[in-house]
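Student: I would like to work through a structure with you, one feature at a time. Could we begin with the way helices pack?

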Amino acid sequence: MNDPKLNRIFATARRDVCPTPTEDFARGVAAAARQQIREEPRTLLDQLGLLFPRYAVAAGALIVLCIFAEVGQTFLANPEGSDEFTELCAQWLYTAKGD
Amino acid sequence: MDIEDAGLLARIRQGSMDEFAELVRRHQQQVFRILHRYERDRHALEDLAQETFLKVWRALAQYDGRAPFQHWLSRITVRVALDHLRREKRRANEVELLQLGENALEWLRGADAPRDLEAGEAREILARAMRGLSAKEQLVITLQEIEGRSVKEISALTGSSGVAVRVRALRARAKLKKALIRLEKGET
């Protein structure tokens, strides 16, 4: 492979005719851009919505709400701890020493 | 900047999509002319051109109008071409190498004054030989040897220094020659 032969390949490739765009190419591009505008997130909430699917956020919020409700209810009903906890202490901690 | 382009760009920034279609119509041939050096399939070429114009549309706010719009558009087009070459390079590593057509191979193995080479055959030979080149080397050698651009122009289009462009072009040419010698000998 000598330089003139390589140059000839380049020169011939240069002559390759460029295809013309189809008639509706420009309209197609504009339509694709319009589509992107519609799909683009507009607010911070929208953007967060893309990162975290809405159902996951709703489910997470529900779980947190339930935990708070349970803890709050337990605390109001028995501020010093649950009956189960007292029973456990009596059976496993104090009994050993008592025996 | 072209006065008509300036008017179009101002109206596009205000949200006129019809004007954007007009801008595409005005410059589509320029984009096709650059991209068809890197993609021979017509549908894939249109996809690349669309990708280019969508990038232009998204980046329009960054265009300050100091350089002609055509230059800015060319830079974006060349970047799309480079991304395309990178994707193709990755894909080429996964698929079997394409075989050269009989006519192209015959010409390549011919004596000192073989018959005239067809443009399609030349592109076929180059496409096959360029597979050993990096995406940047492919881009530089195509811009220099096929598009006939100067080192300064390539430097402005790619964002590489003039020295880097020269080195890349020399390396690409040497690699191409080696690849073509292998093809002449019938090696893959």
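**Reading helix packing and burial**

Tutor: Helix α2 of chain A and helix α3 of chain B cross in a right-handed sense. This is a predicted model.

Student: What is the angle at which α2(A) and α3(B) pack, and how far apart are their axes?

Tutor: Two packed helices are described by the angle between their axes and the distance between the axes. Here α2(A), residues 25–39, and α3(B) pack at about 50°, and their axes are 10 Å apart. The angle makes α2(A) oblique to α3(B).

Student: Which residues make that contact?

Tutor: From α2(A) come A:F25, A:G28, A:V29, A:A32, A:A33 and A:Q36. From α3(B) come B:E46, B:Q50, B:F53, B:L54 and B:W57. By class, the contact of α2(A) with α3(B) has seven nonpolar, three polar and one charged residues.

Student: How many residues does each chain bring to the whole contact between the chains?

Tutor: The size of an interface is often given as the accessible area lost when the parts come together. Here the description is a residue count: 31 residues from chain B and 23 residues from chain A. On the side of chain B that touches chain A, at least two residues each come from α2 (17–35), α3 (42–59), α6 (119–129), α7 and α9. That side of chain B has 19 nonpolar, four polar and eight charged residues.

Student: What confidence does the predictor give the complex, and what is the average pLDDT of chain B?

Tutor: For the complex, the ipTM is 0.82 and the pTM is 0.73. Chain B averages a pLDDT of 88, and 93% of its residues score at least 70. Among the elements of chain B, the lowest mean pLDDT, 76, belongs to helix α5 (residues 102–108), and the highest, 96, to helix α7 (residues 135–146).

Student: How many helices and strands are there in chain A and in chain B?

Tutor: Chain A has five helices and zero strands. Chain B has nine helices and zero strands. The C-alpha trace of chain B spans about 60 × 35 × 35 Å along its principal axes. Among contacts in chain B between residues at least 6 apart in sequence, 65% join residues at least 24 apart.

Student: Now a pair within one chain. At what angle do α2(B) and α3(B) cross?

Tutor: The axes of α2(B) and α3(B) come within 10 Å and cross at roughly 130°. That makes α2(B) oblique to α3(B). The crossing of α2(B) and α3(B) is right-handed.

Student: Which residues meet in α2(B) and α3(B)?

Tutor: In α2(B) they are B:F20, B:V24, B:Q28, B:V31, B:F32 and B:L35, and in α3(B) they are B:L45, B:L48, B:A49, B:T52, B:F53 and B:W57. The residues of this contact divide into 10 nonpolar, two polar and no charged.

Student: Are α8(B) and α9(B) roughly parallel or roughly perpendicular to each other?

Tutor: Helix α8 (residues 151–158) and helix α9 (residues 162–184) of chain B have axes that come within 9 Å and cross at roughly 110°. They are therefore roughly perpendicular to each other. B:V151, B:K152, B:I154 and B:S155 of α8(B) make the contact with B:G162, B:V165 and B:R166 of α9(B). These residues divide into three nonpolar, two polar and two charged.

Student: What share of the residues counts as buried in chain B and in chain A?

Tutor: Of the 188 residues of chain B, 34% count as buried. In chain A, buried residues make up 9% of the 99 residues.

Student: Is B:A6 buried or exposed?

Tutor: B:A6 is in helix α1 of chain B. B:A6 has 12 other C-beta atoms within 10 Å, so this residue is exposed. Helix α1 (residues 3–13) of chain B is hardly covered, with one buried residue among its 11 residues. After α1(B) comes B:G15, whose phi is positive, near 105°.

Student: Where does B:G120 lie, and how many other C-beta atoms are within 10 Å?

Tutor: B:G120 lies in helix α6 of chain B. The number is 16, so B:G120 is partly exposed. The C-alpha atoms of B:G120 and B:I181 are separated by 20 Å, and the two residues are 61 residues apart along the chain.

Key
Residues numbered from 1 in each chain as written. Chains lettered and ligands numbered in written order. Predicted model: local features only at pLDDT ≥ 70, side-chain atom pairs only at ≥ 80, totals over all residues. pLDDT = per-residue confidence, 0-100. Helix = DSSP H or I, 4+ residues; strand = E, 2+ residues; numbered from the N terminus. Axes fitted to C-alpha atoms, helices over the stretch in contact; angles between N-to-C directions. Parallel < 35°, antiparallel > 145°, perpendicular 65-115°, else oblique. Contact = placed C-beta atoms within 7 Å. Nonpolar A, V, L, I, M, F, W, Y, C, P; charged D, E, K, R; others polar. Left-handed = near helix turned anticlockwise from the far one by under 90°. Buried ≥ 20, exposed ≤ 12 C-beta atoms within 10 Å, placed from the backbone.
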